[in-house]
Each structure stands twice: as C-alpha cells, then as structure tokens.
Amino acid sequence: MRPSGILVRGFFRFSVLALALVLAACGRGGGESGPVPSLALFAGDMKTFGDADGTGAAARFSGPLAVATDSTGNVYVADTNNNTIRKITPAGVVSTLAGTAGVPGSTDATGAAARFNSPRGIATDSAGNVYVGDTLNFTIRKITPKGEVTTLAGTAGVFGSADGIGAAASFNFPNGVATDGDGNVYVADTNSPAIRKITPAGVVTTLAGTPGVWGSTDATGAAASFEVPIGVATDGAGNVYVGDFAAMTIRKIAPAGVVTTLAGKAGAAGSADGTGSAARFYDPAGVATDGSGNVYVADDFNNTVRKITPAGAVSTLVGVAGQQTSFGTLVAGALPGLLNSPVAVAVGGTSLYVTASTGVAVVRDLP
C-alpha cells in the first residue's frame, strides 16, 4: 500500500490552507494598448468561513477546492468543507445549487435534499449539467440544471479501481473532473493513481496509469504512471491535461492514451519559468485550458498561477513565487498581485478563475 504521507500533505493542506478564491480577469484599461489584467475581489469575504448565500462580499465559503464555468458565464464551486455545490452568476450572486451546508452524505435528490461528502472536483457540459468528483463518497455525481443529483458512477462508501458500468465501477479518492465535447467525463483518480474516463452511458475505463503503481513514467495507457494526479482538463483536440501534484509536473494524454510530460521535471520542485523540462513547479494542482491551447496551472506551494503555451513555454501569470498574502487578505490591482495557495483554475471566455481562499476575485481579458 502506498505510504499516506503525500496524501496527507495534499488533501489536508488543501482543506486547511486552500479555501475558494476565484480569479477572473478584470479589465485592462487604457488606450489603444488595451486593458491591463488586474486582480480584484468578486464574492466572499476572504476572512470569514461560512456558508451564506448572497451577493459579492455578503457570500461565504468554507474550503471550496474546485471551480468550473459554463457557456453563459456562471461559475460553479465545489464548496468542500460545506459539502455543497455553489453557483455564482456573472453579477456575483452566490446560491447553493445542491447539498446542505454541514450535512455530509450520499443521497441522490434535488437541491438541498441531496448530500455530498467532501466534493473536490467540478466540471460542466454543453447541456448545462454539472459533474462532481465526490471525493469521500468515492463517486462521480451529476447535477442537472434543475438541481437534480444522481450518481453517474461508483458506489458511495466503496473505494477501488474497478472499471465497469455505473455502480459496478469504483474510484479511489477521485478529485478533479473534466468533460469533452462528446459528453465524456475524465477523472483524476488520485489514490489509484490513474486517469479514468466515463462515457455518457456511465461506462468507466482507465485511460492511463495502472492502479497501485505510482511513478512518473511517460508511456501509453497502462504502461504510464502518475504520482498524485489532482487536476484534470481537456482541450478541443481531445487531449487531456493532468496536474501531477507530487511529481511536480504537468502531464498530457493524447487521444490514443499516449502520456507525455508537458512541463516540469519529475521530483524537481521549484518556480523557474522556462520551456518543457526546464520549468519547475511546486505542488501543481488544478489545470485548465483556453481556446488557444494554453494551459493554466494552480501552482499551489509557489502561490502562483502559471501559463503553458502549446509549445510548452511556461510563464508566471499571477502571484510571486515564495510570496503570499497573510490569511484574510488579498493584494489586488495590476497583475501579478499576491495569492495564498491557489488550488484550482477554470477559464470562461477571456476570464480566468482560481480557487485560493474564502473569497472570489476577478481578472478579465487574459493576456
């Protein structure tokens, strides 16, 4: 059995230090040169844990560790410690889509009657459905636009790595989830460690990695290995990207299951910008993509958000490596600004969203 130290370092540090802060890009201002990206608070308090719905600073969160967007500009947050799924409109109005704060469970139902247990992954599809990596239930849940919650795959309380259909499949601490244009769901099955794929019919297969085999091997399908995959994202070409937290790397899986290391070097922590293996990360977690093929990374322990071009060139977009805000503060204004343990990222149009504390901030017009 794999020693639990890495998971303790990842899961528990996420729960305590990384609560939800969303970055979206705020207007660049000024003349023909275009607006300047900046960081500003959008919703939440940044100082106070809670579960209140409301607008802007009146809302409260408690440890949300995942974020996603939909085609109409809404933002969805897996509010981990509250065991709820929250929705934020483009105007910053926060509501609880499903679950009841402080009441864990696994019930399939509608809205507040549904139950989750430490949800740490979230994604949407083109039909407006929301998918949740329900980590401590070991399941993947689906929420319709009406708030109806069902279990897409896995069985609550049963962990494992079995492929199968619906309840016959099993997961081992599923974290990040992502969708593609065909309605498939991809799961970073953290403690397997592997990347799983679920078809719209609920058929679960293992796309890459082998359960019980940890490592950083680049190869095809089961011959590849991961250390602690946390975040997962897709692009329009069918590629899947993985934030391999403990390996300190960003991995790429081609449609045929070929795994390569897009950026970073396995086991080498750092903060250096550079291309491919010359770049360094320190506990990269959530990943996201934009329409131009860029990949964004929540580089947790560096307190930064990194950008990787399709050619593998890594730069630091937000934050300063080695610097962080004190708890309950946010250094806003022109980028880079300062963050505290960013964990998850999502892109919606020209906006970037990053979970990092108990508030929601916004950056528009990505550079």
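This is a predicted model: local features need pLDDT of at least 70, side-chain atom pairs count only at pLDDT 80 or more; totals for chains, interfaces and linings use all residues.
**Briefing: fold content and salt bridges**

The chain has 367 residues, and 58% of them count as buried. The salt-bridge count comes to 10.

**Overall make-up**
- The accessible surface of the chain is about 12500 Å². Carbon and sulfur atoms contribute 56% of that surface.
- Among contacts in the chain with a separation of 6 or more, 47% link residues 24 or more positions apart.

**Asp-134 and Arg-141**
- A salt bridge joins the side chains of Asp-134 and Arg-141, at 2.7 Å from N to O.
- Asp-134 is buried, with 0% relative accessible area.
- Arg-141 is buried as well, also with a relative accessible area of 0%.

**Arg-251 and its partners**
- Asp-218 pairs with Arg-251 through a side-chain salt bridge of 2.9 Å, N to O.
- Asp-218 sits in the loop between strand 15 (203-208) and strand 16 (229-234), while Arg-251 belongs to strand 18 (residues 249-253), so this pair ties together parts that are 33 residues apart in sequence.
- Asp-218 is partly exposed, at 39% relative accessibility.
- Arg-251 is buried, at 0% relative accessibility.
- Asp-244 also forms a salt bridge with Arg-251, and their closest N and O atoms are 3.0 Å apart.
- Asp-244 counts as buried, with 0% relative accessibility.

**Background**
- Side chains of opposite charge can pair when their charged atoms come close.

Definitions and conventions. Residues are numbered from 1 along each chain as its sequence is written. Side-chain values use heavy atoms; hydrogens and water are left out. Buried means under 20% relative accessible area, exposed over 50%, partly exposed in between (1.4 Å probe, protein chains only). Contact means heavy atoms within 4.5 Å. Accessible areas come from the Shrake-Rupley method with a 1.4 Å probe; for residues, only the protein chains shown count as cover. A salt bridge is a side-chain nitrogen of Lys or Arg within 4 Å of a carboxyl oxygen of Asp or Glu. Helices (H or I, at least four residues) and strands (E, at least two) are DSSP runs, numbered from the N terminus.
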